[in-house]
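Look at the sequence and the structure, then read on.

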Amino acid sequence: MGKRYTILPALLIMSLLSFVGCTLITPSQPQVAPEAAKWQTWVLAASDELRPAAPPDEAATQAEIAELKALAEQRDASALAIVTYWDAGSPAYRWVQLADERQRNLPAGPLHGRTMSLITVAMYDALIAAWDAKYTYNRPRPSALDATLTTLVMPPNSPAYPSEHAVVAGAASTVMAYLWPEEAEQYRAMAEEAAQSRLLAGVQYPSDVEVGLALGRAVGEKLVERAKNDGADAPWDGQHPEGPGYFTWRGDGPAAPTAGTWQTWLLSSNDQLRPPPPPAYDSPERAAEIDAIKAYTRTFASNASAFFWQSHPGIKAYWFDNAHRLLFENKLDQNPPYAALVYATVSVGMHDAFVACFDGKYAYWTIRPSQLDPEVVTPFPHPNHPSYPAAHGCNSGAGSTVLAGFFPADSEALIAAGQEATESRFWAGIHYESDNAAGWNIGEAAGQMAVDHAKAMMQP
């Protein structure tokens with residue numbers, strides 16, 4: 001992984017440099033989400049479980065402001081690029097991007113759902129813990145105490161201590177270092193850079209950053225402990241049904257055969273959403289479904305859709321890309337706890353949908369259409385796991401339902417996109433219609449469960 005940003009265009013550099021000679025004071029407006037200090041958390045017992053000690057006293061604060069002024073005099077194009085990169089969107093925005101991009105060439109499916117849920121839940125809990133401390137101590141931003149301090153960005157209208165960017169960086173980098181240990185040092189360095197960007201911008205004190213990183217890392221370790229015990233590393237026992245009508249895999253084994261047993265976030269049991277059995281392989285209903293696949297006339301548009309939803313931008317990135325977009329469009333990226341709640345709810349909904357989906361897949365071991373009838377030709381190979389229910393339906397049903405719950409004005413387009421993703425698997429001959437219907441029902445149910453839980457988490 002290389003640098004996350006490129007050299008900024010000359011005009012942008014000049015524009016940013018123009019801020020250095022002036023002081024930005026937050027205009028009079030409501031504080032950012034003080035109520036989030038009491039929101040419910042996922043792995044922390046309460047928002048104050050890890051509350052740090054009080055921030056430094058007045059004398060130490062003045063010394064820190066002097067440090068920030070010294071840093072301001074050293075700002076150059078590299079510093080401006082760092083600030084610009086990490087200041088984009090909410091504090092969680094870049095880390096969601098980085099986590100998703102890291103999985104570009106990895107298989108789609110339950111592991112992606114697990115990874116994103118661990119990272120986004122860590123960031124959410126860390127921010128709620130930070131918000132508890134912010135509104136307990138109410139430390140003013142540096143430029144509010146010294147109007148001669150120049151800032152590169154508008155100071156957020158929330159207390160300074162601890163740093164929201166640092167706490168998110170500490171949490172995300174800790175989980176990512178566990179998931180990809182060969183890149184652990186790189187993620188830690190990126191966390192330090194993200195935290196340092198707030199000092200370069202002049203909007204937080206060194207102690208805000210130091211305590212924020214420590215708090216985020218402590219929350220991240222709680223997610224690592226959960227990950228070590230969620231069942232994802234359990235070996236498959238090799239048990240499977242034999243005979244006609246059952247799925248057979250390529251290579252050494254089927255994909256994610258234990259995913260249906262992994263620990264869930266919200267489901268009361270892993271089989272809570274298990275659909276009824278699919279049509280028997282030799283039934284008239286199944287024969288009709290095969291005939292429908294073979295009778296379908298593919299078009300350029302249907303093939304384009306099938307390939308898109310088969311790709312990383314479709315099956316993995318699409319719902320997070322839309323979360324970014326909708327947060328930006330609604331100015332909710334300026335509310336870090338709420339943005340983190342959106343990301344975590346999308347991830348949790350999709351994770352639980354995947355677990356429920358794979359519980360069904362390995363309960364029934366349904367044969368794929370092209371295995372049952374060699375006349376079914378697909379434009380790309382089918383996934384190496386059973387057919388029923390359809391994972392695209394589970395994933396996209398959950399992702400679209402969650403975002404529609406948060407952004408009802410966009411619900412029609414979001415649900416339509418989720419249904420297209422689901423139906424594209426029939427167009428490609430990858431799934432029977434009954435697979436798609438069962439998958440969509442699972443995803444919709446898991447997504448709505450996640451939305452309902454998120455709404456409850458925001459209640460006092």
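Buried means under 20% relative accessible area, exposed means over 50%, and partly exposed lies in between (1.4 Å probe, protein chains only). The model is predicted: local features need pLDDT of at least 70, side-chain atom pairs count only at pLDDT 80 or more, and totals for chains, interfaces and linings use all residues. Residues are numbered from 1 along each chain as its sequence is written, and side-chain values use heavy atoms, with hydrogens and water left out.

**Ring pairs**
- Rings of Phe, Tyr and Trp (its six-membered ring) pair if their centres lie within 6.5 Å; planes under 30 degrees apart count as stacked, over 60 as edge-to-face and the rest as tilted.
- This rule gives 20 aromatic pairs.
- Tyr137 and Tyr161 have ring centres 5.8 Å apart and planes at 70°, so they pair edge-to-face.
- Tyr137 belongs to helix α5 (residues 110-137) and Tyr161 to the loop between α6 (142-145) and α7 (164-179), so their pair ties together parts 24 residues apart in sequence.
- Helices are DSSP runs (H or I, at least four residues), numbered from the N terminus.
- Tyr161 is buried, at 3% relative accessible area.
- Tyr137 is partly exposed, at 25%.
- Trp309 and Tyr318 are both buried.
- Ring pairs also join Trp236, Trp249, Phe358, Tyr362 and Trp365 into a cluster.

**Charges over rings**
- A charge sits over a ring if NZ of Lys or CZ of Arg is within 6 Å of the ring centre and within 35 degrees of the ring normal.
- Lys361 places its charged end over the ring of Phe358, 5.7 Å from the centre.
- Arg139 lies over the face of Tyr205, 3.8 Å from the ring centre.

Technical notes:
Helix = DSSP H or I, 4+ residues; strand = E, 2+ residues; numbered from the N terminus.
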